[in-house]
Amino acid sequence: MRLFHIVPAADWQRALATGTYAPPSLISEGFIHLSTAGQVGPTRARFFAGVDGLCLLELDGDALGPGLRWVDVVHADDGSVGRFPHLHRSLSVDEARRVPFPTAP
């Protein structure tokens, strides 16, 4: 199963230099926010509108192990509910590959 993570390019470059990616959400919330292929566009629009310099990382969800958990999330802005993957550990840069953002329909 393919999963995705949106990350500022500068943060990904720092991770490549250290070998590990651990965004602020890992400390503040205890996990890294991930998306399915169908969630990437809405996630980008909701949380990264107008933000330049982003990377899209593709991960093999089947290889992430027990740190991967699925959570029902209620969005405060509109009350919508979605089931999102969360990774409850840091990510080795070897577990991800940078891919182009999908084009808008």
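Author: Two strands are said to pair if DSSP finds at least two bridges between them. In this predicted model, tryptophan 70 stands opposite proline 85 in β6.

Reader: What makes β5 and β6 a pair of strands?

Author: The requirement is at least two bridges, and 7 bridges join β5 to β6, so the two strands pair. Strand β6 covers residues 81-87, and β5 and β6 run antiparallel. Besides tryptophan 70 and proline 85, valine 74 has a bridge partner in β6, namely valine 81.

Reader: Which residue takes a positive phi in the hairpin of β5 and β6?

Author: Glycine 79 does, with phi near 75°. The hairpin has 6 residues between the strands.

Reader: What makes β3 and β5 the edge strands?

Author: The open sheet consists of 3 strands in the order β3-β6-β5, with antiparallel pairing. Strands β3 (32-33) and β5 (68-74) each pair on one side only, and they are accordingly the edge strands.

Reader: How do you know that β1 and β4 pair, and in which sense?

Author: Where at least two bridges are required, β1 and β4 (residues 54-60) have 7, so they pair, and the sense is antiparallel. Leucine 3 stands opposite leucine 59 in β4.

Reader: Why is strand β1 called mostly covered?

Author: A residue is buried when its relative accessible area is under 20%. In β1 (residues 2-8), 5 of the 7 residues are buried, and the strand is therefore called mostly covered. Over the 105 residues of the chain, 38% count as buried.

Reader: Why is glutamate 58 called buried?

Author: Glutamate 58 has a relative accessible area of 10%; the cut-off is under 20%, so the residue is buried. Its place is in strand β4. Leaving aside residues up to four places away in sequence, glutamate 58 touches Arg2, Leu3, Phe4, Glu95, Ala96, Arg97 and Val99.

Reader: How do you know that leucine 64 is buried?

Author: The relative accessible area of leucine 64 is 3%, which is under 20%, so leucine 64 is buried. Leucine 64 lies in the loop between β4 and β5.

Reader: What does leucine 64 touch, not counting residues up to four places away in sequence?

Author: A contact requires heavy atoms within 4.5 Å. With those residues excluded, leucine 64 touches Leu3, Leu34, Leu59, Leu87, Arg89, Leu91 and Glu95. Of these, arginine 89 is 25 residues apart from leucine 64 along the chain, and their C-alpha atoms are separated by 9.5 Å.

Reader: Why does the radius of gyration agree with a compact globule?

Author: For 105 residues, a compact globule would have a radius of gyration near 13 Å; the chain has 13 Å, so the value agrees. Along its principal axes, the C-alpha trace spans about 40 × 30 × 25 Å.

Reader: What share of contacts in the chain joins residues at least 24 apart?

Author: The share is 74%, counted among contacts between residues at least 6 apart in sequence. The chain itself contains 3 helices and 8 strands, and along the sequence these follow the pattern β-α-β-α-β-α-β-β-β-β-β.

Reader: How many positive and negative side chains does the chain have, and how far apart do the centres of the two sets lie?

Author: There are 9 positive and 11 negative side chains, and the centres of the two sets lie 2 Å apart.

Terms used. Residues are numbered from 1 along each chain as its sequence is written. This is a predicted model: local features need pLDDT of at least 70, side-chain atom pairs count only at pLDDT 80 or more; totals for chains, interfaces and linings use all residues. Side-chain values use heavy atoms; hydrogens and water are left out. Helices (H or I, at least four residues) and strands (E, at least two) are DSSP runs, numbered from the N terminus. The radius of gyration is taken over C-alpha atoms; the globule rule is 2.2 Å times the number of residues to the power 0.38. Buried means under 20% relative accessible area, exposed over 50%, partly exposed in between (1.4 Å probe, protein chains only). Lys and Arg count as positive and Asp and Glu as negative; His and the chain ends are not counted. The place of a charge is taken as NZ of Lys, CZ of Arg, CG of Asp or CD of Glu.
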